[in-house]
Amino acid sequence: FEGDVLLSTQAAVDTFGLKGYEIINGNLGIGLTPTGSSDPVTDLSPLNTINQVNEYLIIDQNPKLKSLEGLEFLQRISLDLIIKNNPLFDSFSGISSLEYLRGLNLTNNPNFRDFSGFSHLAQSIELLHIENMEHFIGLEGEGFENAINLSHITILANPNLIDLSFPTQTDQINSILTVMDNPSLLSFSGSMGGFKKIRRLEIIN
């Protein structure tokens, strides 16, 4: 498919899925569901023929969607996976075949608890943005152990973040690191307990 796609209802997902597209040469947006809609997106399995999105995959404002299950054959997102404003979304379940994405943005998904399904993708990630994620308590042990190619990290307004350790970065972070408005943050360190070099660090409030 050539161009951007926005699927805001389950009917739209079902109809688009019938076309059997394998590659989206543009952005794929799922959500922006109108308030009070009687047909929110709940099932992504009609999109199971898609194996590549050549720009952004955006999962935004889906009141009933719980995961990415149904996208098991998706192998590549050329730019970023953005998951935001999804009150029931709880894990990375459903992206087991995904081999590459440039960036990951997790914003305001209050039920998201399981980050572990991300571990096989961590090494490809360059951009990481985690914002207002109620159950995000730190990077260590959450599937980010192999995230060694990060160039820009933003950790913003996560109310229960206590320990911001970087398990694979023993003494340096070659990244722009912004840490802002994390009221419970107590510890910030590398895996061996200190940094010799951080490319650029901003700690605000």
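Trainee: Is Asn158 buried or exposed?

Mentor: This is a predicted model, in which local features need pLDDT of at least 70, side-chain atom pairs count only at pLDDT 80 or more, and totals for chains, interfaces and linings use all residues. Residues are numbered from 1 along each chain as its sequence is written, and side-chain values use heavy atoms, with hydrogens and water left out. Buried means under 20% relative accessible area, exposed over 50%, and partly exposed in between, with a 1.4 Å probe and protein chains only. Because its relative accessibility is 0%, Asn158 counts as buried.

Trainee: Where is the place of Asn158?

Mentor: Strands are DSSP runs of E with at least two residues, numbered from the N terminus. Asn158 is in the loop between β9 (152-156) and β10 (163-166).

Trainee: Which residues does Asn158 touch, not counting those up to four places away in sequence?

Mentor: Contact means heavy atoms within 4.5 Å. By this criterion Asn158 touches Ile130, Glu131, Asn132, Met133, Phe136, Asp181, Asn182 and Pro183.

Trainee: Why is strand β7 largely enclosed by the rest of the structure?

Mentor: Strand β7 covers residues 100-107. It is largely enclosed because the number of its eight residues that are buried is six.

Trainee: Over how many bridges do β7 and strand β8 pair?

Mentor: Two strands pair if DSSP finds at least two bridges between them. Strand β8 comprises residues 127-131, and Leu106 stands opposite Ile130 in β8. The pairing of β7 and β8 is in the parallel sense, and the number of bridges is five.

Conventions:
Helices (H or I, at least four residues) and strands (E, at least two) are DSSP runs, numbered from the N terminus.
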